[in-house]
Structures are given as C-alpha cells and as structure tokens.
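Colleague: I am new to reading protein models. Could you walk me through one, a feature at a time?

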Amino acid sequence: MRPTRATALLTAGLVTLLGAPAAAAAGSADTLFVNNRTGCSDAGPGTQAVPYCTIAAAAAVVAPGQTVRVVSGIPYKEGLTVNRSGEPGKPITFMADGPANATWRLGPDKDLVVDGASHVVIRGLSTDGAARVTRSSHVELDRLSVARDSDSLVVGAGAEDVRVSRSTLYGVRVEGGAARTVVSHNVIYGDQDAAVAAVDAPGTVVTNNSVYLNCVAALSLAGGSTGSALFNNVVHDLAPTKCTTPGRRVGLSVASSAAPGTRADYNLIAGTGRADHVAYDWAGTAHADRDAFHAATGQGARDIVLASTATVAAQSVDSADATAPGVLPTDSRGYPVVDDLRVPNTGKDGGYLDRGAREGQNWLESVTAELDQPWAPVGTPVKATATAVSAWAGPLTYTYDFGDGSVPVVTKERTATHAYRSPCECTVKVSAQNEAGQTLTTQQTARAAAAGPLAAAFTSRPFLPSAQDPKALVLPLTVEVDPRTSAAPWPVRQLDVDFGDGTKETFSALEPVRHTYRQPGDHKVTVTLKDAKGATSTTTGTVRAAYTPAGYLPVAPQRVLDTRTGNAPVQAGTPALLNLPVYYYSSGVSHTAGASAVVLNVTVTGTTEDTHLNVWPTGQQRPATSNVNVRAGATSSNTVTVPVGADGKVSAQLNSGRGHLVVDFVGYYQPNAGERFSPTPPRRAVDTRTTGGALGAGQTRTVKVAGVGLVPPDATAVALNLTSTGATTDTHVIAYPQADRRPGSSHLNPEPGKDKSNQVIVPVGPDGTITLYNNAGSTHLVVDTVGYYRSLADGRFVPSVPQRLADTRTTGKLAPGATATVTGLPADAIGAALNVTATDTTAPGFLTVYGSGALRPEASSLNTRPGETVPNHVITPVGDGKVSIWNSWGGSNHVITDLSGYFVNG
C-alpha cells in the first residue's frame with residue numbers, strides 16, 4: 001500500500017472503532033471467560049481456570065474495560081442481553097476466545113439484544129436469530145453473522161452512534177428515534193423489504209456495503225432521515241422470482257422528507273437493464289441513469305450504473321471515495337486497502353479504495369526458491385532466488401532465513417546471499433508477503449560441508465516395517481546402507497554400491513539405499529563416491545543381514561494351496577511356491593507386507609510312497625530338515641513356522657514320490673507389530689476321555705483356555721498341543737476362536753488305532769474360549785496349552801533358517817525313560833519353535849519336550865508309533881540355551897530336532 005496522500009484521504013473519512021482491548025493474560029481481572037465444556041461454574045470467578053458456564057453469567061457482572069471471551073466453536077443454548085455500560089475508552093467487550101477471526105455462537109434462534117447500555121463492543125458473534133439495539137449509545141457491532149431472514153438487525157428508538165461493520169446481515173432497519181447510525185463494509189441481503197431501510201433516523205451513514213437487491217429497494221431513506229450519507233456502496237440485482245408485492249424495484253431510494261442534507265456519491269448500481277429495476281428514486285422522482293439523477297439532484301456525479309452485473313468487480317476497483325464518512329481501514333474480511341497497479345486510480349482525488357464491502361487483494365498463488373549452491377564447502381557464498389506468483393503485479397516483501405541461526409534477511413529483492421560459517425544441513429526458508437499480509441513460505445535444504453578431500457564412509461542398519469505403516473511391503477533381511485557420514489565438500493553425483501552378494505547398483509545421490517539379501521550372514525559391502533569436481537573415494541565394510549525379533553499376528557485361516565483342486569500333485573525334485581497373503585483388501589489378498597516368518601498348517605495326503613516334506617524360504621538353499629512325514633496313501637499334517645524368502649514366498653518340496661499338498665496360512669511374525677509370546681510348561685486344558693466324552697461327527701466342544709492355569713485372561717492367542725486318540729474313522733479336527741465361524745481349514749487328521757498330535761496356534765475367542773470340531777466318526781481329544789500371546793508378554797520371535805540341531809541316528813537311540821539334551825540355542829533364548837520327529841520306534845509311547853533344568857511336565861509333545869515316522873511342531877521353553885526331550889516308557893526312538901526360530905525378551 002502506498003503511504004501517500006491516498007492514505008491520508010482514507011484516514012480523513014475513517015470511522016474510529018471502539019475496538020477491543022489487547023488480549024489480557026489468562027486470569028487477568030480485565031478478562032472474563034465463558035466455556036461450557038467442563039470445569040465451569042456460574043458462581044465462580046470467571047477465570048480461564050474456572051470459567052462461567054453461560055454468557056449470561058458474564059454479562060451480569062462485566063464491568064467497564066473488561067472483555068468477555070467466549071470459547072469459540074461451541075454453540076450456546078442461550079441468547080445475549082447486554083444492559084450494562086462501559087465508559088469512554090473503557091468499553092465492555094464480548095468476543096471469541098481464540099484467533100482474531102474466531103467466532104462464537106448463540107443458541108438456535110436466540111437473539112442479541114443491547115438495551116439501555118453504552119460503550120459496548122460485540123465482535124465475531126454468529127446467531128440464527130436477530131440482533132436489536134435500543135436506548136443505547138456508542139455501540140459497535142463488528143463481524144456479526146445474523147441469519148434471521150429479514151430485518152436481522154434493528155437499530156431502534158433511543159439508539160445513538162451505533163456502528164455496524166464487516167458483518168453479514170439479512171436486512172438492516174434503522175427505526176425512528178435512532179441517530180447517527182453507521183453501516184459500513186457489510187454484506188447485506190434484502191428480501192421482501194429493503195436491504196437497508198432508515199425511517200426518521202437522521203445522520204444515517206451507509207458506506208462501502210455490498211447490497212443485494214431483491215423485491216423492494218437496496219438502500220432506502222424515509223421520514224426524517226435527513227443529513228444522511230450513501231457512499232461507495234455496490235448494489236447487485238438478485239433478479240427475484242417470488243416477491244409478495246411485485247412492482248418496481250429501486251437501487252437507491254430517498255424520500256422527499258429525507259433528502260435535505262443527504263448526500264450520495266460513488267455508489268455502483270448494477271442490473272438496471274431489467275424492466276422492473278430503476279436506479280434511483282429521489283424525492284419522489286425516478287431516474288433511470290446517473291446523468292439524469294445528477295442533473296436533477298446534484299448528487300451521484302461519480303456513481304456507476306450498469307445494465308448487468310457482468311463487470312461489477314472490475315469497475316469497483318480503485319474507484320471509491322476514501323474520504324467518505326464511515327470508511328474503515330480494512331474490508332469485510334479484515335484485509336487492508338491496497339492499490340491494484342493494473343488499473344488507474346479513479347477514486348476521489350486519485351484514491352484507490354474499492355467500492356463495496358470487499359477490497360480486491362493481490363493474492364499470492366505460489367512461491368518457490370532455488371539455491372545456486374545447495375551443497376558446498378563452508379564459506380562458499382550461497383545465493384537464494386525467490387519466485388512468487390501473485391494475482392497482479394505488486395510490491396512483495398521477501399524474508400530469507402538460512403537456517404543456521406543467523407538473522408533473517410528481509411528485503412524487497414528476489415535474491416539474498418549468505419555464507420555458512422560451520423558445517424550443517426540447514427533448512428532454508430523463503431517467504432513472500434504481499435500488502436495484505438498474506439504470506440507463503442517455501443523451503444530448500446542447504447548442505448554446508450567441511451572443507452577437505454572427498455572421503456567415503458557408510459553406516460548400516462536393518463530396514464524394518466514401521467509401526468506407523470505396518471502394511472508397507474518390507475521384506476526380511478533388508479538392510480539400509482547410509483553413506484551420509486561421508487566427508488563430501490561438493491555434491492556427490494554418483495554412488496556405486498557393491499552389496500557383497502553379487503549385486504551392484506549405481507545411484508545419483510548421497511542418500512540411504514536398501515538391499516534385500518537372500519539369506520542371513522555377513523557381507524562385504526563396497527561404496528564408491530564421485531563428486532561434482534571429479535574426485536573419487538572408495539570404502540569397504542561388513543554388513544550383517546539378520547532376522548529381527550518380531551511379534552505375532554494371527555489371521556483367519558486362509559488356504560494358499562490345495563493341489564487336489566485341478567489334480568496337480570507336487571512331485572519330488574520340484575519345489576512348490578507358496579504365495580503368502582497377510583492383509584486382506586476389497587480387491588482380494590495382498591502381499592506379505594512386513595512379515596519375516598509365517599505360520600502354516602501343512603497337510604500331505606495321497607502320496608505314492610513313504611516320504612517327507614520340507615518347507616523353507618524361497619531363494620535359499622533347501623535345508624536338510626523335515627516338517628511333515630507321511631506313509632504311502634496316508635494323510636499327515638503339521639504346523640510349520642518358516643521365514644519368508646526374499647521374494648515374499650516360501651518353498652515346499654517332497655523328498656520322494658508325489659502327493660497332494662494342502663497349505664493353510666494361519667498367522668505371521670512381523671517386527672514392530674503383533675503380540676509377544678510367553679512359553680509355558682505344558683498344561684492340560686481338556687481331556688475328553690475324562691470330561692464330556694468323545695466328539696461325534698459334526699460335533700463341537702467349546703473349551704476355556706484364557707484365564708485358566710498359566711494363561712492370563714487377556715491372552716490374544718494360545719499355542720496348543722492337540723492330540724487325538726480312539727478315533728473310529730479317518731476324520732479331521734479344527735480348532736478355532738469363534739463357535740459360529742468355523743473355517744474350512746483343518747489342524748489334525750485322526751486315524752483309527754493311532755494317537756496323533758499337532759501343535760497349533762489359535763486366536764482366543766469370546767470369554768477366553770476356543771472351539772473344537774470333529775468332522776466324522778468320533779474321537780477323543782486331549783488339549784495341552786504350551787504358551788500364549790499378548791501385548792504384555794515377554795518374548796519376540798527371531799526366525800531361523802531351518803537347521804538341524806540334533807539327530808540321535810548318529811549318536812544312538814533314546815531309550816525308554818531316558819532324556820536327551822539338545823544344545824545349540826542362543827543363551828538368551830526363552831523359548832524355541834522346533835520340529836521334533838520320532839522314527840524307528842519300537843513301541844507306542846510319547847515324547848515330552850521342556851526347558852533344560854526345569855521340572856518335566858506331565859504332558860506329551862508328540863505321540864510315537866511303531867513303524868511310523870511322526871513329526872510335530874513344538875514350542876517349548878528353553879533353559880540356558882538347551883531343551884530336554886524325555887522318552888516315555890513305551891519303546892526306544894530315534895529323535896530328530898530341527899530349529900525354526902527362537903524367542904527372546906525385549
């Protein structure tokens with residue numbers, strides 16, 4: 001804004017507002033607070049700590065010079081009546097407790113009434129009702145929104161020096177006996193009555209309003225409303241269709257009795273092209289255009305009359321009278337008067353105030369900044385260049401903050417230069433501000449590096465799924481190599497990384513890079529840098545790819561493979577690839593997200609010969625372990641915990657022959673997610689041989705597992721050893737959380753004459769229960785809990801590449817009643833996920849697996865059978881890096897122990 005004589009002209013016509021005192025400190029005696037949320041009391045002190053509950057309570061005690069701050073955003077159920085007075089220079093003020101433009105609301109259809117009061121300010125009020133001022137003086141109503149359909153604001157008898165500004169209103173009526181009312185910079189809508197009507201109200205000032213003409217008149221002065229002023233208003237024609245008294249509509253109407261001493265000029269009346277719209281009715285005579293009006297009355301010399309509303313905005317700009325009575329320094333939105341340099345200043349005496357309630361602004365659309373040396377050694381001059389796009393050319397002020405604690409540069413120039421004194425990676429903020437105070441800010445990063453030669457360096461860390469974005473795809477064994485610790489005085493243009501596993505990649509920036517290894521281990525990584533000055537530097541270091549402790553997330557069982565569909569059995573020598581869904585979207589299953597290991601229920605059936613199946617991470621070497629052992633033509637199932645491969649898949653392969661493979665996905669382990677595990681000694685939850693009897697075909701049994709024994713009530717899933725005995729026919733058994741939602745997967749395949757076991761992980765259902773289902777015949781079931789999952793548990797799971805820990809076929813059979821100790825587990829392991837296999841059994845019996853050094857529990861981990869190889873997934877406590885395996889008194893066995901992973905605290 002030009003600080004020239006145009007500003008002085010504006011000041012000459014300026015209305016001095018009563019204003020509001022500066023914001024007082026919380027609890028100040030100058031401020032009363034109203035907040036109907038919590039902790040309020042109408043009998044209290046009205047402080048910020050103990051505010052009033054109602055506006056009325058504050059209005060009843062407010063004193064001169066005090067401000068009532070009403071918490072914004074909360075509708076109150078009451079209206080507001082003000083009948084207490086302030087003093088000159090010490091008004092009583094009601095406003096929102098919030099930013100300068102905040103609003104506060106009265107209750108539905110509740111009114112604002114000022115009656116018998118003086119020196120009062122009401123600011124930022126919104127109401128569906130109406131507002132009325134009577135028998136009062138020096139009252140300022142600012143930034144009101146009053147939604148009553150007509151006459152939403154009435155200035156009544158005995159009201160003097162009432163000022164209505166920057167408000168949105170639906171009809172203003174100034175009644176007889178009111179004097180010197182100022183209506184300025186408002187948006188006012190008329191309806192069946194005039195938008196602004198004054199009757200017997202001398203000295204009424206109507207200035208810089210945007211008025212919408214509907215059925216009668218936009219601006220109307222009648223009776224003894226002499227000595228009034230109508231300036232800088234813009235009248236828009238709404239082209240009404242439902243007027244109760246159709247007839248002529250008038251932009252500006254002044255009765256003969258109101259004409260003496262009344263002045264009108266610099267108004268804009270649009271829409272007079274309609275047959276029912278006349279621009280002026282002055283002292284009983286209609287005038288269709290400005291020239292006729294001016295010739296007859298001497299008024300309106302600088303008025304603009306338009307047949308349509310198409311060019312209203314353009315012709316309003318910089319064309320008003322800044323010296324007119326009632327002019328404010330800011331428009332209806334609080335924006336200042338600014339000079340639009342695109343158009344000539346046609347306002348009075350070269351002024352540039354706009355007509356109507358709103359002042360056109362030079363809106364900032366965008367600002368960008370560039371650094372000529374975004375990366376350079378300390379002491380190198382760095383020039384920042386700003387580019388701002390605004391609605392029209394005008395002066396802008398730029399602020400350059402170079403982010404190192406130096407004093408920001410404030411200038412009208414688009415550039416500023418700075419030299420950093422010490423190394424930093426600083427955020428450079430560049431702001432542009434226009435005359436209205438609108439500010440846009442952008443930022444760039446400047447790297448001030450230490451002077452010296454280029455020297456490559458790097459750090460590394462596992463790159464893990466984020467707890468904030470658990471659905472993002474992060475494969476296990478992903479490592480982040482970060483070269484930003486390098487000494488690089490000039491920009492690095494090329495980054496070459498040899499990841500040590502045969503993979504080499506080239507990048508164009510000195511930023512962290514990620515790589516997924518196929519298998520865990522140490523890898524020699526070489527990093528080479530080339531900078532903008534042609535210098536080259538190389539460094540080498542060891543990077544470790546390892547599985548990270550993870551939590552468990554159970555899912556509704558999902559079948560991921562069934563080769564019986566389509567009759568496509570798996571063949572020995574050819575691995576089957578298992579896609580592993582974790583998250584379910586409306587479009588179907590998705591990728592494995594951040595899973596590092598998965599839990600599967602694997603069933604092998606219809607094999608052509610005795611064989612075994614092993615499961616391992618795709619992309620890694622097939623291990624010499626086994627997961628499911630099955631006899632020719634039989635069905636065998638087992639739970640399998642296995643890490644995820646680098647491609648998000650798992651491989652499964654028969655050792656010999658062919659057969660069908662059925663795989664159900666039941667859960668997964670993921671770093672920074674899921675529940676933790678506490679292993680427990682096996683504890684019997686149910687034995688149908690002693691309680692309830694065998695389960696018949698299609699029957700279910702609901703079993704309490706959480707809040708029983710060693711399993712706490714808040715467990716979210718339990719690890720169970722599920723054993724069948726006394727089956728009358730081939731069948732399958734399912735364990736699941738909700739009785740009315742049985743999945744289509746199976747967990748155990750009982751056979752007549754055989755005791756069979758399988759360890760399963762089952763989410764806990766309602767009231768801490770799970771449900772057991774038997775498909776055919778009848779069978780007894782024995783359920784032992786071996787651990788539980790919950791958020792407050794101890795252990796996180798560390799996946800392991802499947803590996804063999806012990807095999808008695810190389811050391812000698814485990815005799816009846818004997819105990820074998822299996823070593824090779826980490827000393828800090830509190831539990832382990834094992835696959836234990838019994839073979840070459842001489843008599844029926846069972847094996848019990850437990851933590852070394854602990855008391856042997858009276859429960860089985862797997863049941864052994866002569867002539868068969870029997871595997872079972874076993875989760876067990878660990879003692880000092882070891883587990884014990886006890887053989888029952890049935891017969892001798894060879895025992896094979898394979899590791900799938902282990903649990904650690906933390």
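**Reading the chain**

Modeller: Gladly! The chain has four helices and 70 strands, where helices (H or I, at least four residues) and strands (E, at least two) are DSSP runs numbered from the N terminus. This is a predicted model, in which local features need pLDDT of at least 70, side-chain atom pairs count only at pLDDT 80 or more, and totals for chains, interfaces and linings use all residues. Residues are numbered from 1 along each chain as its sequence is written, and side-chain values use heavy atoms, leaving out hydrogens and water.

Colleague: Which residue in S36 stands opposite Tyr398?

Modeller: Strands pair if DSSP finds at least two bridges between them. S33 and S36 (residues 424-433) run antiparallel, joined by five bridges, and Ala432 in S36 is opposite Tyr398. Three bridges also join S33 to the antiparallel strand S34 (residues 409-411), where Thr411 faces Tyr398.

Colleague: Why does Thr839 count as buried?

Modeller: Because its relative accessibility is 14%. Thr839 lies in strand S65 (residues 829-839). Its side chain makes a polar contact with that of Thr869 at 2.8 Å; such a contact is a pair of N or O atoms within 3.5 Å, and within protein one must be able to donate a hydrogen and the other to accept it, with residues adjacent in sequence counting only if both atoms are side-chain atoms.

Note on methods: Buried < 20%, exposed > 50% of the residue type's maximum accessible area, 1.4 Å probe, protein only.
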